[in-house]
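Me: Please take a close look at one part of this model: the space inside it. I would like to know how that space is lined.

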Amino acid sequence: MKTGGQLVVEALEAQGVRRVFGVPGESYLAVLDALHDSPIEMVVCRHEGGAAMMAEAQAKLTGRPGVCLVTRGPGATNAASGIHVAQQDETPLVVLVGQIERGMRGRDAFQEVDYGKLFGGMCKWVAEIDSADRVPEMISRAFHTAMAGRPGPVVLALPEDTLTEMADVTIAPRAEPVDSAPTQAQVASFGALLSKAERPLLVVGGSRWTAESVAALQLFAERLSLPVAVTFRRQMLFDHCHPLYAGDIGLGINPKLTALIKDSDLLILLGDRFSEVPSQSYGLLGIPDPDKTVVHIHPGAEEIGRVYRPTLGMVATPAAFLEAMAALDVTAKPGWAARAEDAHAAFEAWSTPPDAIPGDVQMGRIMAWLDERLEQDAVFTNGAGNYATWIHRFHRFRRFGTQAAPVCGSMGYGLPAAIAAKLQHRTRDVLCFAGDGCFQMTGLEFGTAVQEGAAVIVLVIDNGMYGTIRMHQEREYPGRVSGTRLQNPDFAAFARAYGGHGETVDTTDQFAPAFERARASGLPAIIHIKLDPEALTPTRTLSEIRAAGKGT
């Protein structure tokens, strides 16, 4: 006989869970007690939002569900930001939430929340384990559901008395995701469409990728000389230095890539939904008729035809699709290679850092220095803001598993993601890019990094404002600054106060030695980069945006 709490932990062990992220709460003390004797590492976070983002980022980097433990009521609502990331980013996540005792339900008891109503719109499944003997069943289903089809978050509520109840049950074995593959008829139809095409373009994204399927993707593209573009914040899916790479379809897209998409007569969407950001606010394709030949391959059946009616739809994982393509009897046409070569040249020109921006810190030179010095397996993380453009446009991603960034555009994501990445890859460099506003959303998780010995290097790019909102504000209401100014601390001193390493960069030449000292310290580090407020974006100044704004 074992307690429900012990069964929860044993079920997690059976799923291969090595690490969970959470904030302790009295509602799940029995689980915490069972973790005391478990090989599973409990990463103690400062806020449930940070814990959920860490778990989501680990899942992004491993493909297995991340696990987050939070207490009832406020703990659960705090975790909602990370759950939303998992939903929009198609990431498998299992959130275990403490709950009131079963006999108190429906009385508006202390911290009582109806989790089905709270999370039902952004989770694949929300349920409550109502007896200890159902723990193995429910945990197993949670992992299966989180990974199946279009991956996403699952929330399981754990009533306090369920966790202390005794039961004698067998733990379910490790869950594995189920692959779906194209039929022979679909492969033949795809081959026919490809044979007719003169200007094909392959667009890849989504979450059900592995290092092996990324390698297969490259071979498939090479065999047909296909230009390859990636969707927003999925840059690690294709080597940026490969001659077939055409760029990323995200915010601030290269106009030449936009033209390439519009000019294509066969658009192959592999693994992703082509939602608002990559579709440029649903403007690149017609809805529901895309006005061109579209082949959409996605592991979630519900996504095929949801927005765009494809010429051919296939419910398949990227790996299964690429494996099926081995039987494809199609060769590249004359002109395909030249078109891909032109697309890559346009990407290279677009991704060359600017020579100069306003102020004494030149981020273009810093990005070039980092790309020269860092190994190809270095992991880059970020949250949301104009500062992220320095990564997305100017860093050359080379390998799978080197990026953790929120497709949903959540601020505060970079630091929790970096901590998760460093715990997963202790020997790699892990860099978090964060704006001053973005960092302060989850900055207290720096204490988690110090406590866990996760030697991340955080680049806080400080311009004293919520820069992206200021950009929109100056465009819509030029000169009328409201609600976007920030008074910031000394971020280097903040790092030292927690027991980490802190550096301040006021000029470009100070960055390289500051970075090397941070790396050599072996401690979690913050490099406080003071950017001129005029350098609002890599290519436009605050004054230029204001002058171009409405009413001027």
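Reply: With 6 residues, helix 19 gives the most to the lining of the largest pocket. Helices (H or I, at least four residues) and strands (E, at least two) are DSSP runs, numbered from the N terminus. The model is predicted, so local features need pLDDT of at least 70 and side-chain atom pairs count only at pLDDT 80 or more, while totals for chains, interfaces and linings use all residues. Residues are numbered from 1 along each chain as its sequence is written, and side-chain values use heavy atoms, with hydrogens and water left out.

The volume of the largest pocket is about 970 Å³, a volume being the space filled by probe spheres set on grid points, which are joined across faces, edges and corners. On a 1 Å grid over the protein atoms alone, a pocket is an open set with protein on both sides within 12 Å along at least five of seven lines, a cavity is a set of points where a 1.4 Å probe fits but cannot get out, and lining residues have an atom within 4 Å of a point.

There are 46 lining residues in the largest pocket, and Gly 385, Asn 386, Thr 389, Thr 468 and Met 471 lie nearest its centre. Two or more residues of this lining come from each of strand 11 (245-249), helix 13 (336-350), helix 15 (389-394), helix 17 (436-442) and helix 19 (467-476). By class the lining has 23 nonpolar, 17 polar and 6 charged residues. Here Ala, Val, Leu, Ile, Met, Phe, Trp, Tyr, Cys and Pro count as nonpolar, Asp, Glu, Lys and Arg as charged, and the others, Gly among them, as polar.

The largest cavity contains about 70 Å³. Its lining consists of Gln 88, Glu 90, Thr 231, Phe 232, Arg 234, Asp 272, Arg 273, Phe 274, Ser 275, Pro 278 and Val 407, which divide into 4 nonpolar, 3 polar and 4 charged.

The second largest cavity contains about 30 Å³. Around this cavity are Gly 383, Gly 412, Tyr 413, Gly 414, Leu 415, Cys 432, Phe 433, Ala 434, Cys 438, Phe 439 and Thr 442. Helix 16 (414-424), strand 17 (430-435) and helix 17 each give two or more residues to the lining of the second largest cavity. Helix 17 is also among the elements that give two or more residues to the lining of the largest pocket. The lining of the second largest cavity has 7 nonpolar and 4 polar residues, and no charged ones.
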